[in-house]
Amino acid sequence: MSSSSAAAARVFKGCRALFAPAKAASTSASASAATTKKKADTPAKKPRTKSPPKPRESNPNRNSGIFKVGPVSPALASLLGATESSRADSVRQIWSYIKTHNLQNPQNKREIICDAKLKAIFDGKDVVGFLEIGKLLTRHFV
């Protein structure tokens, strides 16, 4: 017997019951009664249940990475109103400033039209892409 036919035999061995011709009703009734009797004799197994998922921490460690609070440059501090800020918080405040002053380009929402305060932060550029904000803020974190 080759390895492929052995593998096929293993796979289809369980299917033989499905392909077998139907038995007479009397034999199937006695067979089902015998199986229920066997089940009654053996102790019932407890169904396996999954352990409940562990609750996630609602506030993971927010003291490192972009959440670490540090001193900022005077130009950024004038916009934020604080001498220390985290990167995430400063980006959030810059976006709120952009939204309240309606500084997004209406035709291309990816572009931000800089006013005097934003030009001081974004190297004097008139237009900044929203993906550039993080890169341009890097020099403001000492």
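The legends below describe close-up views of a predicted model.

View 1. An α-helix has 3.6 residues a turn, so residues three or four places apart point the same way. Asp89 is partly exposed, at 26% relative accessibility, whereas Arg92, with a relative accessible area of 52%, is exposed. This pair is one of four salt bridges that a search of the whole structure finds.

**View 2. Two salt bridges, Lys119 with Asp126 and Lys125 with Glu132.** In the Lys119 and Asp126 pair, the closest N and O atoms are 2.8 Å apart; Lys119 has a relative accessible area of 31% and is partly exposed, and Asp126, at 46%, is likewise partly exposed. In the Lys125 and Glu132 pair, the closest N and O atoms are 3.0 Å apart, with Lys125 partly exposed at a relative accessible area of 32% and Glu132 partly exposed at 24%. Side chains of opposite charge can pair when their charged atoms come close.

**View 3. Helix H5 and the elements packed against its buried residues.** H5 has 14 residues and reaches 20 Å from its first C-alpha to its last, close to the 20 Å expected at 1.5 Å a residue. Its buried residues are Ala88, Ser90, Ile94, Tyr97 and Ile98, and these pack against helix H4 (74-80), strand E2 (84-85), strand E3 (111-113), helix H6 (116-121) and helix H7 (133-137). Just after the helix, Asn102 takes a positive phi of about 55°.

**View 4. The largest nonpolar core, with 19 residues.** Within this core, the residues with the most contacts are Leu76, Ile94, Ile98, Leu118, Phe122 and Leu137. The elements that give two or more residues to the core are H4, H5, H6 and H7, and the largest share, four residues, comes from H4. In soluble globular proteins, nonpolar side chains tend to be buried together.

**View 5. The surroundings of Leu137.** When neighbours within four places in sequence are left aside, Leu137 is in contact with Leu76, Ser90, Val91, Ile94, Ile121 and Phe122.

Key
Residues numbered from 1 in each chain as written. Predicted model: local features only at pLDDT ≥ 70, side-chain atom pairs only at ≥ 80, totals over all residues. Heavy atoms only, no water. Salt bridge = Lys/Arg side-chain N within 4 Å of Asp/Glu carboxyl O. Buried < 20%, exposed > 50% of the residue type's maximum accessible area, 1.4 Å probe, protein only. Expected span 1.5 Å × (residues − 1). Contact = heavy atoms within 4.5 Å. Core = buried A, V, L, I, M, F, W, Y, C linked by side-chain atoms within 4.5 Å.
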